[in-house]
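Student: I have just opened this structure. Could you help me read it?
Tutor: Gladly; let us look at it together.

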Amino acid sequence: MTAKTRSIRAGLGIATAMVLALPAAAQELTIIRNQDSNHYDPARTAALSGSEVLFMLADTVVGLDEDMSTIVPHLASSWEISDDALTYTFTIKEGVTFCDGKPMTAEDVAYSLNRWYDPETKSPVRWRMGDVKSITAPDATTLVYELNEPHSELLYQLAQSFGSVVDKETVEALGPDFGVTGFNGTGPFCWESWTPRDKMVLTRHEGYTWGPTNYENTGPAQVEKVTWQIVPEAATRTVAMLTGQGDISPYVPYIGVDKLRKAPTVDIVESNEAFWTNYVGFKITKDMVGDVKVREAINLAVNQEAMAEDLFFGEVEPAYSYISSGALDWDESLDDKLLTYDPEKAAALLDEAGWTLNSAGKREKDGVVLSPLAITFTGEWQTTVEAVQADLLKVGIDMQIEPMDATVYWGKSATDDFDMYVMGFPYVSAGDALNLYFRSSNIPTPNRMNYNDPKTDELLLTGSHATSDGDRAAAYGEVLATVHDEAIWLPIYHKPMQIAVSKKMKPFEAHNIYGAGLYKGLQLGFAD
Amino acid sequence: MLNVIVQRLILSIPVLFGVMLFGFLLMQVVPGDPALVVAGPSATPDVVAAIREEMGLDKPVLVQFWGYLERMAQGDLGRSMISNKAVTEELGAALGPTLELMIGAMIWSVPVGIAMGTLAAVLRGSLVDRAIMALSVAGVSLPIFFISLVMIQWLGVTYPIFTFIGRPGPWYTAEGFMGLFLPAFSLGLILIGPVARMTRSSVLEVLKLDHVRTARAKGLSETRVILAHGLRNALIPVITLVGLQVGYLLGGAVVTETIFSWPGLGRLAVGAILSSDFTVAQGTIMLFALGFITVNLIVDVLYSLLDPRVRK
């Protein structure tokens, strides 16, 4: 090294030290993620990237514990449910204020929930609210939520970001710009600025003390400022965490997780109960996959464990069930009945179904080769489907793949022009997942399988209207057994929650609500 | 000169109309439905239909195009179908960072490229010439994502003052400059190659010409012969090339913008196309077209300044 390069290096080193020593950065948190939301109006977005920020900007009537099953008080200090499970009466806390200082009352809660339910709002997740009769605020601290039919999932749904309480005046003043140019909520953080596709900056809501009780710190937040920085390139996200340019990232690529785990400056906070499952679905009304034996054979022929190991570096849990076994109302008696890797049995089933091997080694029946068409997103999903294709070819199934971009995919997946499709989804419970995907009224989306079974519809209603935990679990258990028997899906893996965290931060537990691992952000603070 | 400019401006009107029509039709034939993007994967069919109606996507294509022309005539680019933000606002927010990145890359790479090319021409056949040409070929051949990742690894990891996630501020602030440095440096590296190669061959051509021999015969110093008589005349094709690069960089620095999370026009355009955000996509297409037209106009004016024959 020459004297000149030495002095350049020394200069850069000093400058680096000076930048790193800046005290201003100490209470400012940078969270790195892969993509932005289309906007931040809670009632009008179903995007995870929207929920991640909205949980921090606004509050919900009730909260959800890290265990993903205990409902905890949040804006409501307590609630009562009538015996017929049709009326929920919430006592709303006093002393809660919006970011602009205005007091929040039960009327604001009623306004926000009614706005979510109003067909004019065109909320993509309106169904989560159940069959609402009325939502009213008889006085400043009472909220009455009346249903036409019981909705056993209601409290879980009200904990989602879609039920965020917002300020009516701001909504009306901003019109279509609400959640685009500004926001006014009661959350632990307040809206400072949003540059789409670049960053969202939030500042601490001073005086915030009404956080959900699952947190030791119910407010105010420990950090003064949070920047949600978009970094679309996965390798850049990994390096940014390694160099300390980001403090937290829930979006580290699987290939980088182990590297970060071993890095001296970064920890990986993990939770296997993330309740996010990736699966391949069958369009069961199509000839290629209409026979349950073929679908079972496909389930048996695919080696999820090898895929988890080879494609995802052992970071994901191979899935055989349609929802995670830790989720509320999963029926444990199904554990032994799940279809696991057994290519020989798969081949036998195909023979039984009349699909015999031809001279080219492909399965054929009445002159038709068994070649189901799978549509998939490009990128990671495409790699996954290619691995499925390779496994299926070993038993003689000549699966075809049509990869496409996400936007094209959503449109295509609403058609009948394919036999198999891919999807990943977050859920809070069995009921949440089953009601969404298996109701016949949800054909063609999100019930892209064209699954239409009156008995299942009835059981889903029973589960949804159940007034006791036992009845609900029994109904959903029966649906789970039916759809697994019918092999409607090919589950691939349960995605874990993995959050890369700088060692400068205090340790915390990951949350899993709707895939938003940081939830309210009240637990986030720098170690001394 | 004024005539040339006016004539060019008039000619650009049908070009812009063509771009509008083409941009509109292109978005119509591209598969994808913005209503589905807005609604999300779990939305039920009735919700998707309602959103489609709200966006006006249920109307016939001709009605949509007429509405679009009407809005454009009033200078209204509409609102983003996805974020609902005004398109002008989206474009305005992305234009600054893109110009910053483009100028940041060109301000050092063009002079360096011209100097390298001239040096290679003057020392033709020498080791220096070969070394410069080898570097140029490497610069042209190496993909920008590779160069960018190497720069992040080489400079960003070793010296944390060079930030590489997003744009921390305008270039004239300390943090803004440090945030601009790596993307502008990486992008500049790929521009040096073409500029150096073009300059070299152009200077070589010019140095063979009679007026250069005359200049030498007059007893001018070699430096003056090369700079005043050689390089000045050799710059015309180089300016064309740089002009084209400006047009390309206005919308084409997508990869650099993605790797460095730079909130510029390239990412805006790609994001809009990928999410079927028709209005934003059309807005960016219009802006790119305007950019190209303006750059070409400037190049033409520069031609006439450099070469009096063009003026006639």
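Tutor: A salt bridge is a side-chain nitrogen of Lys or Arg within 4 Å of a carboxyl oxygen of Asp or Glu. One caution: this is a predicted model, where local features need pLDDT of at least 70 and side-chain atom pairs count only at pLDDT 80 or more, while totals for chains, interfaces and linings use all residues. Residues are numbered from 1 along each chain as its sequence is written, and side-chain values use heavy atoms, with hydrogens and water left out.

Student: How many salt bridges does the rule find across the interface of chain A and chain B?
Tutor: The rule finds one. Asp177(A) pairs with Arg79(B), and their closest N and O atoms are 3.0 Å apart.

Student: How is the size of an interface often given?
Tutor: The usual figure is the accessible area lost when the parts come together. Buried area uses a 1.4 Å probe and is summed over both parts. Between chain A and chain B about 4,100 Å² is buried, with carbon and sulfur atoms giving 62%.

Student: How many residues of each chain are in contact?
Tutor: Contact means heavy atoms within 4.5 Å. Here 49 residues of chain A touch 46 residues of chain B.

Student: And how do I read a sheet?
Tutor: Strands are DSSP runs of E, at least two residues long, numbered from the N terminus, and two strands pair if DSSP finds at least two bridges between them. In chain A, three strands form an open antiparallel sheet in the order β15-β16-β17. β15 (356-357) and β17 (368-369) of chain A each have a single partner strand, so one side of each lacks a neighbour in the sheet.

How values were computed: Chains are lettered from A and ligands numbered from 1 in the order in which they are written. Buried area is the accessible area (1.4 Å probe) that two parts lose on being put together, summed over both. Helices (H or I, at least four residues) and strands (E, at least two) are DSSP runs, numbered from the N terminus.
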